[in-house]
Amino acid sequence: FQYTWKDIRCALGVDFDQYHYNDILVIPEKSALSPEKDEHFFSYSYNMFFENFNKRAYPTKGMKWTAGINLYTSDFWQYKGHPAIPVAHFGWEMAISKGSRLTILPSAYGRIVWKQDVPYSLYNCIGGVAAGRYTEQQLPFIGISYMELANPVTTIVALKLRQRMGSNHYLTLASNYALSSLKLKEILNEDKIFGCGLTYGYQSIIGPLEASLYWSDRTEKIGFFVNLGY
């Protein structure tokens, strides 16, 4: 069920998800993860979304944010005989124009799972250049190519500086910092990750054509990413 309230799109829903596990791609001796049987969820959700960017690609002003909460169960009430699993998430991006060519783009993302024994399909994930590209709960992080599992409490702050060159060429310098922990009260004391990157982009008729180089202290390697169009 969706409705609009003061330009904010709100959605209230009930979902059913079925997950089938095949192979878990980890190094067995370095991970506590082990294969699980298939599982399902009945979940309740409430989400809000707002956006007023002036452009779909390379905006120079405006803001976008989303926030929501989900409650995951296995029988509409509990999860395998235990209390339901609550999950909260948020994302925020803003474009601030400084002159006719420079745009500052701060952003922040976060996801909290109020349960430490988390099923695989609800794990926080970080990586990639866009939120939710591979999984619904994926938080973008420049410096990690695809995605990695993260702790139940994860938050990311990022800053991009984008310079327009000519009419359709763009150079973007990006950095981000992630905090990840088992409990919210330990968020400043546990896992900390830094990443940065440089992107050249061209606004074409099919959307942005981009090439990026990036690095993080988690991978300690230079990565490369190409984006072709929307």
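A: Let us begin with a term: contact means that heavy atoms lie within 4.5 Å. The model is predicted. In it, Phe141 is in contact with Ile126, Gly127, Gly128, Ile156, Asn176, Tyr177, Ala178, Ile193, Phe194, Gly195 and Ser216, its neighbours within four places in sequence being left aside.

Q: Which residues make up the largest nonpolar core?
A: In soluble globular proteins, nonpolar side chains tend to be buried together. Here the largest nonpolar core consists of nine residues: Tyr109, Ile126, Leu139, Phe141, Ile144, Ala150, Ile156, Ala178 and Ile193. Another core, of eight residues, lies apart from it and includes Ile85, Val113, Val118 and Leu122.

Q: How many cavities of 30 Å³ or more does a search of the whole structure find?
A: The search finds one. The largest cavity holds about 60 Å³ of space. Its lining is formed by Gly128, Val129, Arg133, Tyr134, Phe141, Ile142, Gly143, Ile144, Ser145, Tyr214 and Phe225. Of these lining residues, seven are nonpolar, three polar and one charged.

Q: In what order do the three strands of the open sheet run?
A: The order is β10-β9-β11, with mixed pairing. Strands β10 (138-139) and β11 (148-150) each have a single partner strand and stand at the edges, so one side of each has no neighbour in the sheet.

Q: In which sense do β9 and β11 pair?
A: Strand β9 (residues 124-126) pairs with β11 in the antiparallel sense, over three bridges. Within this pairing, Asn124 stands opposite Ala150 in β11.

Technical notes:
Residues numbered from 1 in each chain as written. Predicted model: local features only at pLDDT ≥ 70, side-chain atom pairs only at ≥ 80, totals over all residues. Heavy atoms only, no water. Core = buried A, V, L, I, M, F, W, Y, C linked by side-chain atoms within 4.5 Å. Buried < 20%, exposed > 50% of the residue type's maximum accessible area, 1.4 Å probe, protein only. 1 Å grid on protein atoms, 1.4 Å probe; cavity = no way out; pocket = protein on both sides within 12 Å on 5 of 7 lines; lining within 4 Å. Points joined across faces, edges and corners; volume = space filled by probe spheres on them. Nonpolar A, V, L, I, M, F, W, Y, C, P; charged D, E, K, R; others polar. Pairing = 2+ DSSP bridges. Helix = DSSP H or I, 4+ residues; strand = E, 2+ residues; numbered from the N terminus.
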